[in-house]
Amino acid sequence: MSALEIENIRKTYGAIETLKGIDISLDSGEFLVLLGSSGCGKSTLLNIIAGLAEASGGDVRIAGRSVLGVHPKDRDIAMVFQSYALYPNLSVRRNIGFGLEMRKVPVVEREKAVLETATLLQIENLLDRKPGQLSGGQRQRVAIGRALVRKPQVFLFDEPLSNLDAKLRMEMRTELKRLHQMLGTTIVYVTHDQIEAMTLATRIAVMRNGRIEQLGTPEDVYDHPATLYVAGFVGSPPMNVLNGVVTGEGLRLDGSGQVVALPARFKAVTVGQRVKIGVRPEALRLAGDGAEQKSLDVEIEVVELTGPELVVTGRASGQRVTACLPPRTKLAVGATQAFAFDEDVLHLFDAETELALG
């Protein structure tokens with residue numbers, strides 16, 4: 001039995017359709033990340049699962065039971081909000097145990113559960129403090145503890161790390177990954193940060209305009225993007241996308257006569273077809289002798305050393321290209337450099353439908 005089933009969920013506000021038929025089946029122990037830009041519908045979907053918003057159509061089932069129309073407290077879910085939503089006048093101990101207190105769980109049992117959860121989150125020494133005496137990372141751990149202590153069927157996270165600085169976000173990502181591996185909990189997690197999605201998820205649902213563009217493992221979404229939007233959204237720096245046309249010689253880039261070899265696996269393309277050519281920055285390398293048909297001639301504009309890599313930005317046939325190279329690579333701004341890549345890293349998308357080809 002699936003832990004969570006979302007079947008043809010729709011949501012409308014008057015004439016505006018926010019969710020346009022969402023279907024997801026989530027097994028017990030999965031970590032699903034709803035990934036997308038602001039306004040794509042991911043938080044609306046999470047609120048429908050939680051019972052904080054009503055669906056206009058479809059069904060949501062938790063452990064095989066339909067929960068549409070069921071009060072949030074009776075859905076066997078726990079939610080962690082972006083704003084932490086802690087009670088400022090209560091201690092950490094009472095914040096974590098508040099849900100159990102409302103359910104009239106006996107004091108001894110409640111205290112044991114709170115201590116176990118606080119120890120798991122490494123905040124047992126903070127139990128007598130108030131939220132105002134905690135750092136942002138500590139407050140987020142308390143909010144997570146309040147959800148964990150109830151041991152629900154499904155955990156819901158609504159951009160829980162977005163208020164933290166970069167270092168704390170990285171630490172909390174690691175902590176969430178550790179907790180998921182230890183507890184095997186079922187999680188639905190909303191974020192616009194593709195790094196969070198790639199590092200945390202067992203599956204990612206990339207959303208756009210109220211629909212799911214692609215649902216798959218992080219590896220599938222990254223290596224085999226189903227649409228041009230997914231290709232550009234997942235990856236940092238984003239995938240290079242060049243406009244071109246299929247010719248008898250290969251793929252001719254717009255703006256020049258530069259031709260890139262067409263891999264044999266793209267059998268369905270036709271001569272004259274307009275395409276978008278995708279290559280990830282980390283797949284590019286400096287070309288050696290004999291690599292002309294698998295390379296791009298790029299005029300170097302900017303060279304940035306990030307520490308572990310050299311990020312190079314330039315133009316191929318007037319179109320922007322980014323490459324990630326080893327940090328000690330020597331390149332001159334203004335020079336033209338050939339960048340090679342392997343056939344299996346080339347992506348093609350139809351210029352009209354923006355769907356992946358091949």
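A pocket is an open set of grid points with protein on both sides within 12 Å along at least five of seven lines. The exercises below apply this and related terms to a predicted model.

**Exercise 1. Describe the overall build of the protein chain.**

Solution. 
Step 1. Begin with the secondary structure: the chain holds 8 helices and 20 strands.
Step 2. Turn to the dimensions. The C-alpha trace spans about 75 × 45 × 35 Å along its principal axes.
Step 3. Consider burial. Of the 358 residues, 48% are buried.
Step 4. Examine the contacts with a separation of 6 or more: 67% of them join residues 24 or more positions apart.
Step 5. The accessible surface comes to about 16,700 Å², and carbon and sulfur atoms account for 50% of it.
Step 6. Finish with charge. The chain has 41 positive and 43 negative charges, and their mean positions lie 7 Å apart.

**Exercise 2. What volume does the largest pocket have, and which residues lie nearest its centre?**

Solution. 
Step 1. The volume of the largest pocket is about 550 Å³.
Step 2. Its lining consists of 18 residues. Nearest the centre are Ile-77, Met-79, Phe-81, Arg-103 and Arg-150.
Step 3. Assign the lining to elements: strand E6 (77-80), helix H2 (92-102) and helix H4 (136-148) each contribute at least two residues.

**Exercise 3. Which elements give two or more residues to the lining of the largest cavity?**

Solution. 
Step 1. The largest cavity has a volume of about 70 Å³.
Step 2. List the lining, which is formed by Ile-144, Leu-148, Phe-155, Phe-157, Leu-176, Leu-179, His-180, Leu-183, Thr-185 and Ile-187.
Step 3. The elements giving two or more of these residues are H4, strand E7 (154-158) and helix H5 (166-183).
Step 4. Among the elements, H5 gives the most, with 4 residues.

**Exercise 4. Is Gly-210 buried or exposed?**

Solution. 
Step 1. Locate the residue. Gly-210 sits in the loop between strand E9 (203-208) and strand E10 (211-216).
Step 2. Apply the cut-off: a residue is buried when its relative accessible area is under 20%. Gly-210 has a value of 0%, so Gly-210 is buried.
Step 3. Identify its surroundings. Neighbours within four places in sequence aside, Gly-210 contacts Thr-18, Leu-19, Lys-20, Ile-22 and Cys-40.
Step 4. Relate Gly-210 to Ile-123: the two are 87 residues apart in sequence, and their C-alpha atoms are 38 Å apart in space.

Terms used: Residues numbered from 1 in each chain as written. Predicted model: local features only at pLDDT ≥ 70, side-chain atom pairs only at ≥ 80, totals over all residues. Heavy atoms only, no water. Buried < 20%, exposed > 50% of the residue type's maximum accessible area, 1.4 Å probe, protein only. Contact = heavy atoms within 4.5 Å. Areas by Shrake-Rupley, 256 points an atom, 1.4 Å probe, with all protein chains shown as cover. Lys, Arg positive; Asp, Glu negative; His and termini not counted. Charge placed at Lys NZ, Arg CZ, Asp CG, Glu CD. 1 Å grid on protein atoms, 1.4 Å probe; cavity = no way out; pocket = protein on both sides within 12 Å on 5 of 7 lines; lining within 4 Å. Points joined across faces, edges and corners; volume = space filled by probe spheres on them.
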